Amino acid sequence: MTHNVSVEVTDGFHLVIDALKHNDIDTIFGLVGIPITDLARLAQAEGMRFIGFRHEQNAGNAAAIAGYMTKKPGICLTVSAPGFLNGLTALANATTNCFPMILISGSSEREIVDLQQGDYEEMDQLNVARPHCKAAFRVLKAEDIGIGIARAIRAAVSGRPGGVYLDLPAQLLAQTIEAGHAQRSLVKVIDAAPRQLPAPESVERALALLKGAKKPLILLGKGAAYAQADADIRAFVERTGIPYLPMSMAKGLLPDTHAQSASAARSFVLAEADVVVLVGARLNWLLAHGKGKTWGKPKQFVQIDIAPTEMDSNVAIAAPLVGDIGSCVGALLAGLDGAGIDKPDEEWLGAIAQRKEQNTAKMAALLDKNPVPMNFHSALRSIRDVLKEYPDINLVNEGANTLDFARSIIDQYQPRKRFDSGTWGIMGIGMGFAIGAAVTSGKPVVAVEGDSAFGFSGMELETICRYELPVTTIVFNNNGVYRGTDVNPTGGKDVAPTVFVKNARYDKMIEAFGGIGYHATTPEELARALSEAIAAGKPALINAVIDETAGTESGRLTNLNPQSAAKK
Ligand code: ADP
Ligand code: TZD
């Protein structure tokens with residue numbers, strides 16, 4: 001006698017979604033096509049949010065910034081070969097910036113790819129991804145999907161955060177598996193990024209170094225912002241009374257208006273300090289590698305970082321403090337009284353205050369001018385004044401001059417509200433970060449974009465309009481890369497390599513998708529448009545007309561820009 005028992009089955013598609021949801025991941029940023037269209041559909045059907053983009057790099061950037069904001073890996077989903085490669089730039093950028101994200105790409109049939117028999121979108125994606133991320137995994141059996149997603153999550157967020165690649169061949173997605181077995185194969189990641197306590201002797205060494213400091217300085221990096229140890233970091237700065245400098249994405253960890261901020265005396269404090277406490281900031285090019293003219297007098301470093309090999313990467317670190325920032329700063333705080341660390345000398349603080357006053361007065365004079373057309377300063381002054389009213393707004397910023405000036409002119413008041421070109425100085429994060437930030441926070445976003453920078457992701461205006469996101473994009477339109485004034489020395493018909501169409505109307509682009517376009521030629525028009533756009537909470541783009549002679553080549557990176565000396 002036989003019983004006709006029907007066995008409930010599920011498949012790879014469902015298991016991927018179940019595994020993500022099982023780990024409280026609720027959003028996927030991606031772009032559909034073979035073999036992952038049904039995966040996206042199913043994600044939505046199962047209650048996840050699927051945000052569809054026009055190019056995978058932008059979806060990847062959205063995932064990366066979501067990861068940075070939440071400490072949970074942002075998820076980007078792409079098709080095989082070209083879609084995967086488009087997403088890979090964002091994965092590599094996330095890894096470089098220590099943002100946790102997972103790039104999940106569908107891939108073509110292994111048997112055909114590995115024999116190079118010319119499959120549709122054939123590529124050995126796993127091996128291409130590996131050098132550009134923290135970890136890369138492939139899942140071949142449906143019963144391994146749970147463990148594969150768990151490994152990807154843990155690899156992305158534990159230790160130094162970064163990007164992870166997860167390869168899902170088309171066959172895997174369609175594989176069926178008995179439902180009970182599938183359910184039991186899911187893995188919930190416990191304590192994905194465990195605290196890492198610093199060694200007590202390392203803490204003592206750091207405190208001893210601080211105790212002997214005459215001109216101490218604290219440098220806050222985006223690792224400090226990422227760590228979400230905001231209250232302890234603020235307490236450490238305020239209880240020690242040590243002046244601090246925020247790196248660009250650490251702005252707002254303490255409000256930029258804080259009395260101890262030394263930003264307006266940056267060159268002075270970097271050159272003069274004797275002991276510098278690095279909190280989640282690498283001594284890479286952004287900090288002149290910790291040596292040379294920028295750093296002036298010899299100094300000793302305390303470096304707080306979760307990655308032990310970051311120590312001594314550029315200069316000797318006298319007091320390495322390896323651990324998570326929350327635990328390290330907490331340990332320093334706990335030891336402050338016992339170590340007998342007093343507030344810094346009045347002489348040091350007084351000298352900084354004096355520099356700040358001088359530099360602020362100089363800057364104010366620049367900001368107060370009203371040239372026609374606008375320059376970077378007058379336009380940014382009006383943006384700064386409007387954004388003062390919205391301390392919790394998210395700010396995205398890229399470009400060369402537009403980045404360098406906005407970073408120093410626009411104040412941040414809250415942690416993790418500024419997202420920019422970061423460690424690579426990459427162009428193209430604009431609309432991806434804006435969408436990621438809007439979706440993740442539910443709060444308005446203002447993207448301040450060079451006209452060249454904007455072009456890398458501009459098509460995502462449609463995505464912003466489609467999801468009705470409260471994103472206001474301001475294009476600093478100076479007719480080109482850096483500037484709009486170069487000429488073709490041959491007199492030929494092609495314009496110079498740095499030049500765009502003159503007087504382009506970027507505001508018309510967003511109107512094509514139902515967004516609101518503004519054309520601003522004065523600081524007053526710009527301020528009015530920005531206030532109106534933020535209040536409306538709807539997609540908007542302001543074309544801000546900037547003097548095409550105003551920028552400098554490479555912004556503030558002139559020293560890194562080799563120029564031909566030979567005249568033939
Ligand atoms: P910035 O560009 O702002 O100077 P970087 O990206 O160079 O900052 O440095 C960030 C550093 O922070 C990285 O070296 C990274 O290992 C470290 N980091 C990230 N998260 C944590 C954390 N939770 N605890 C300790 N260090 C962290
Ligand atoms: N491509 C990528 C991916 N990243 C880059 N950083 C560059 C090219 C080179 N680049 C810069 O470093 S800044 C920049 C480019 C093309 C654009 C500067 O022009 P802009 O800004 O219009 O965005 P400003 O404010 O006019 O200088």
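Modeller: Let's take the ligand site, then a helix pair. This is a predicted model, where local features need pLDDT of at least 70, side-chain atom pairs count only at pLDDT 80 or more, and totals for chains, interfaces and linings use all residues. Residues are numbered from 1 along each chain as its sequence is written, ligands are numbered from 1 in the order in which they are written, and side-chain values use heavy atoms, leaving out hydrogens and water.

Biologist: Okay, which residues come nearest to ligand 1?

Modeller: Arg160, Lys222, Arg282, Asp305 and Ile325, out of 20 residues around ligand 1 (a heavy atom within 4 Å).

Biologist: What does Arg282 do there?

Modeller: A polar side-chain atom of Arg282 sits 2.8 Å from an oxygen atom of ligand 1 (polar contacts are N or O pairs within 3.5 Å). For Lys222, a backbone N or O atom is 2.7 Å from a ligand 1 oxygen.

Biologist: How much of ligand 1 does the protein cover?

Modeller: 96% of the 580 Å² of accessible area that ligand 1 has on its own (Shrake-Rupley, 1.4 Å probe).

Biologist: And which helix gives the most to that shell?

Modeller: Helix 11, residues 222–226, with 3 residues (helices are DSSP H or I runs of at least four residues).

Biologist: Switching topic: at what angle do helix 16 and helix 22 pack?

Modeller: About 35 degrees, with the axes 9 Å apart (axes are lines fitted to C-alpha atoms over the stretch in contact, and angles run from 0 to 180 degrees between N-to-C directions).

Biologist: Left-handed or right-handed crossing?

Modeller: Helix 16 and helix 22 cross right-handed (the near helix is turned clockwise from the far one by less than a right angle).

Methods. A polar contact is a pair of N or O atoms within 3.5 Å; within protein, one must be able to donate a hydrogen and the other to accept it, and residues adjacent in sequence count only if both atoms are side-chain atoms. Helices (H or I, at least four residues) and strands (E, at least two) are DSSP runs, numbered from the N terminus.
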